[in-house]
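Please look over the structure below.

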Amino acid sequence: MNKGGQSSSTGREAVDDRDLVEAARRGDREAFRTLFERYHRRAYALAFGVVRHPDDALDVVQDAFIKAHKYLDKFEGNSSFYTWLYRIVMNLAIDHIRKHRRVRPVELDEQRLEDGQGIDEGLLPKLLGSNPGRALMDKEIRGRIDAALGELSENHRAVLVMRELEGLSYEEMAQAMGCSKGTIMSRLFHARKNMQRRLVDLVDHAPANDDAAELDDAAASGSRP
Amino acid sequence: MTGDLELMEHADGEAEVELTAERRAKVEAVHELGELVRGRLERAADDVPDARFGAMWKEIDKQLDLAATPAAKPVGLFRRITRAIEHYRSHIITGVVSAGAVAALALVLHGGAAKRDAHDPIDVQRVSHRPAEIEDLDTPGGTGTVFNLDDEDGSTTVIWVTPEDTVEGI
């Protein structure tokens, strides 16, 4: 993916995000447009990962940029503009699916935590052979990945997307989602496990045991094991 | 403890563990899954035509323009009352003029009767000090009010007819 989206026609490619934010705050619409052009596709990928519908994802991105512009004065500059933006995108995306869902997916890990149970399988040792890039060329596999993502609860999917797309640390995700680091680890672990399980026929090796019970204890206590 | 959780932390760069061949395979699987998810989402973003984002920017630009337009100043209570009066002003004037005309007519009629009473008492035969009792007042399209005025000249009856639209207007 072109991280910057389409190229800017304003000749501001080299301008720092902070300078663009400052200019946008002063009413420079072109500066804000440059920020839009830099990040709209990244924002879209993030939104699509959560809402899983192209038109809904576009709506989320549009709303996110409008909201970002509205609250530019509240952007303190402690993080990058995109870090701030993706939080807006993520919040809007999660709000969107909560408003439009008909059946709430059960979060297996949290349910089992309540039941005091563990899980019976862990991370799979191998997935899709050794060439994921080639696998992505296969339309059927893309469809299966979409379906597997769709089977996750919104919280699991959000954590997985934030981690894999943005590379956020556990601590950053905990802050973004307003929960403990242990809960983030639990959600991420189970999201990955469920994804692997749904793509199990593409796996080269048999599943291995894990120490998921310990993981669940850690999530329950809100701390690292 | 070196379970799958620690392997996941290792894969995510949150912790360091020693890797055997089996553990290394699991870590690689985590990376592969991440690559699949990332690749799938980035490809989905690449599949969106530039025109869609172009249209999106136009809509954002439009929305920002709308947001920048000062909102209409809230209308105060006094202004709303003034507007209501302005709206019904013609009805009020009509009502006041009509009522005034009726009142003036009643006073003129009463004045003529009093004069006639003074200069030609033969023509008047007072049978009672009370005015004639009105049994029925038909005022189509309006409201009728009857006043009985008693003074040294005797009793006077004033019929005040108010057009209906004056009442509705207020």
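What percentage of the 170 residues in chain B is buried? Buried residues make up 17% of them. A residue is buried if 20 or more other C-beta atoms, placed from the backbone, lie within 10 Å of its own. This is a predicted model: local features need pLDDT of at least 70, side-chain atom pairs count only at pLDDT 80 or more, and totals for chains, interfaces and linings use all residues. Residues are numbered from 1 along each chain as its sequence is written, while chains are lettered from A and ligands numbered from 1 in the order in which they are written.

**Chain B**
- Chain B has six helices and two strands; these are DSSP runs, H or I of at least four residues for helices and E of at least two for strands, numbered from the N terminus.
- Their order from the N terminus is α-α-α-α-α-β-β-α.

**The largest nonpolar core**
- A nonpolar core is a set of buried Ala, Val, Leu, Ile, Met, Phe, Trp, Tyr and Cys residues joined through C-beta atoms within 7 Å.
- The largest one holds 66 residues, and A:Val61 is among those that touch the most other members.
- Helix α2 (residues 29-51) of chain A gives the largest share, 13 residues.
- Leaving aside neighbours within four places in sequence, A:Val61 is in contact with residues including A:His40 and B:Met56; contact puts C-beta atoms, placed from the backbone, within 7 Å.

**Helix α9 of chain A**
- In α9 (residues 170-177), A:Tyr170, A:Met173 and A:Met177 are buried.
- They lie on the same side of α9(A), because they cover an arc of only 65 degrees around the axis, taken from the directions from the helix axis to the C-beta atoms.
- Their cover includes α8 (154-166) and α10 (181-198) of chain A.
- A:Gly178 follows α9(A), with a positive phi near 65 degrees.

Notes. Buried ≥ 20, exposed ≤ 12 C-beta atoms within 10 Å, placed from the backbone. Contact = placed C-beta atoms within 7 Å.
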